[in-house]
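Please examine the sequence and the model shown here. The explanation that follows leads through the structure paragraph by paragraph.

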Amino acid sequence: AMRQEFKPIGNDVRAASDTSGGGDKQPMMIRIGTDIVHQERAGCSTGIEHGEHLVKKLKSLGIEPWLFIIDGGGLGAEVANYMEKRLDYSGIKRAQANTAPRFKFEYRDKYTETHFLLKELLSAGVLRFDMANDRILKQMRCRRFIEMEAGLKIKTEPKPAHRKREKESPDDLDTLIYLLYDFDWSLLSIYKDRQVSGESERAPTEMEKKAEAVVIGGGQCFNGRK
């Protein structure tokens, strides 16, 4: 995806940001369909400064409030409130981690489900980045999941556990997840149907061929990982 070899789908515009304290930088991304066309990391020392930076940047890029998504809890809620009430940027969408998923029999919440949507977009070859982002690659590899009771639904591990293990928060990955929070799943279904019908001409890469062989073989080790 970061080599820009894949063809994006969709044309809806969305922006998203994750908030964080303690001196961490705050990522912000914009997509057109599945094309990630803008990435940045602001170094704002306070929530007020972050909110002011976001409104200035989003307005300059022509992003309306209802096209912008921010984490809806904790500091994110405070930043969103400030943007709406004091900076006249009303209608912001707030990503809530515990929102019910689309596929309730598989996932515990929408936050977890969207991680697997991201995996589907990568596997389908339709997600494209405008630049490399090593932080996201690392956070994708390190993010873990747990099986819940009642049918062993999948849930993302708590962030405190991730931070304790990795010594950092997955802020860049979270921003990408929020960016896809209201993605139209039917676009991916249509694209896959076209692949099956032979309309897609993209041949699998050597990496994909090896991965597929491992899946078919079962229980083997691919690139040092199960």
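The lining of the second largest pocket receives at least two residues from each of helix 3 (110–124), strand 8 (154–156), helix 5 (159–166) and helix 6 (171–179). Helices (H or I, at least four residues) and strands (E, at least two) are DSSP runs, numbered from the N terminus. The model is a predicted one, in which local features need pLDDT of at least 70 and side-chain atom pairs count only at pLDDT 80 or more, whereas totals for chains, interfaces and linings use all residues. Residues are numbered from 1 along each chain as its sequence is written, and side-chain values use heavy atoms, with hydrogens and water left out.

The space in the second largest pocket comes to about 400 Å³. Of the 27 residues that line this pocket, Asp71, Ala97, Tyr111, Lys159 and Tyr178 are the closest to its centre. A pocket here is found on a 1 Å grid over the protein atoms alone, as an open set of points where a 1.4 Å probe fits, with protein on both sides within 12 Å along at least five of seven lines; lining residues have an atom within 4 Å of a point. Grid points are joined across faces, edges and corners, and the volume is the space filled by probe spheres set on the points. By class, the lining of the second largest pocket holds six nonpolar, 11 polar and 10 charged residues. In this classification, Ala, Val, Leu, Ile, Met, Phe, Trp, Tyr, Cys and Pro are nonpolar, Asp, Glu, Lys and Arg are charged, and the others, Gly among them, are polar.

The protein chain as a whole has eight helices and eight strands. Of its 226 residues, 41% are buried; buried means under 20% relative accessible area, exposed over 50%, and partly exposed in between (1.4 Å probe, protein chains only). Among contacts between residues at least 6 apart in sequence, 65% join residues at least 24 apart, a contact being heavy atoms within 4.5 Å.

Six strands form an open sheet with mixed pairing, in the order 5-4-1-2-3-6. Its edge strands, strand 5 and strand 6 (128–129), each pair on one side only. Two strands pair if DSSP finds at least two bridges between them. Strand 2 and strand 3 are antiparallel and share seven bridges; here Ile32 stands opposite Asp35 in strand 3. The hairpin of these two strands has two residues between them, and Gly33 in this hairpin takes a positive phi near 60°. Strand 3 also pairs with strand 6, in the parallel sense over two bridges, and Phe129 in strand 6 is the bridge partner of Ile36. Six of the eight residues of strand 3 are buried, so this strand is largely enclosed by the rest of the structure.

Helix 6 lies across strand 1 (13–17), strand 2 (26–32), strand 3 (35–42), strand 4, strand 5 and strand 6, and runs at about 35° to strand 2. Angles run from 0 to 180 degrees between N-to-C directions, and the axes are lines fitted to C-alpha atoms, for helices over the stretch in contact. Because nine of the nine residues of helix 6 are buried, this helix is largely enclosed by the rest of the structure. Among them are Asp171, Asp172 and Asp174, together with Leu173, Leu176 and Tyr178.

In helix 2 (residues 75–85), the buried residues are Gly76, Ala77, Val79, Ala80, Tyr82, Met83 and Glu84. Their cover includes helix 1 (47–60), strand 4 (68–71) and strand 5 (93–95). His50 belongs to helix 1 and is buried, with a relative accessible area of 2%. Not counting residues up to four places away in sequence, His50 touches Ser17, Asp18, Thr19, Gln26, Cys44 and Val79. The C-alpha atoms of His50 and Lys25 are separated by 9.7 Å, the two residues being 25 apart along the chain.

Asp88 lies in the loop between helix 2 and strand 5.
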